[in-house]
Amino acid sequence: MPYMIKGADKIALITDEWFMQLSHKYEVERMELKTKIASLNERINNLGTMQQNKDRFIGAIRRFMEMQKLTAPLLRELIDEITVYETEGVGKNRSQRIMIHYKFIGYIEIPECGSNYKADTRKGVAVEYITKSA
């Protein structure tokens, strides 16, 4: 049985086979769009969570910048995990890699700045922040 399709001012008849092909294409497109909508909704939710995490991190950093004394509760609020690797080298050439994973944002890779930043923390101990390019 042929199907009728109404256009602007014309009526066309299509075969069962053509109708099935069009119907199948429509169904495939509908399912693809449904999947895409679900994926985009998930991304929107993730962006909202990321915004909340950013706001929490900024609040914790502000409290950190205002403090007079480093306290354990503040560190627990700001830092999620500290990974300490084995010491490499001997004597003055010893080095040890430490990764700080902050709450809400994770590990921060120090951007390239041309040279490494080095700070003497106490007698005989220096901290060097090595950038990705080094």
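I began with the strands: β3 and strand β4 (residues 95–102) pair in the antiparallel sense, and I noted seven bridges for them. The model I am reading is a predicted one. To see where one of the bridges falls, I looked up Glu-88 and found that its bridge partner in β4 is Ser-95.

Next I looked up the sheet as a whole. It is an open sheet of three strands, in the order β3-β4-β5, and the pairing is antiparallel. I marked β3 (79–88) and β5 (106–107) as the edge strands, since each pairs on one side only. As a reminder to myself, strands of a sheet pair through backbone hydrogen bonds, either parallel or antiparallel.

I then turned to charged side chains. How many salt bridges does a search of the whole structure find? I noted one salt bridge. Glu-27 and Arg-30 form the salt bridge, with 2.7 Å between the closest N and O atoms. I checked where the two residues lie: they are three residues apart in helix α1 (residues 16–66), so about one helical turn separates them.

Last, I looked at the aromatic rings. I wrote down zero aromatic pairs. The ring of Tyr-85 does have a charge over it: the charged end of Arg-97 sits there, 5.0 Å from the ring centre.

How values were computed: Residues numbered from 1 in each chain as written. Predicted model: local features only at pLDDT ≥ 70, side-chain atom pairs only at ≥ 80, totals over all residues. Heavy atoms only, no water. Salt bridge = Lys/Arg side-chain N within 4 Å of Asp/Glu carboxyl O. Helix = DSSP H or I, 4+ residues; strand = E, 2+ residues; numbered from the N terminus. Phe/Tyr/Trp six-rings, centres within 6.5 Å; stacked < 30°, edge-to-face > 60°. Lys NZ or Arg CZ within 6 Å of the ring centre and 35° of its normal. Pairing = 2+ DSSP bridges.
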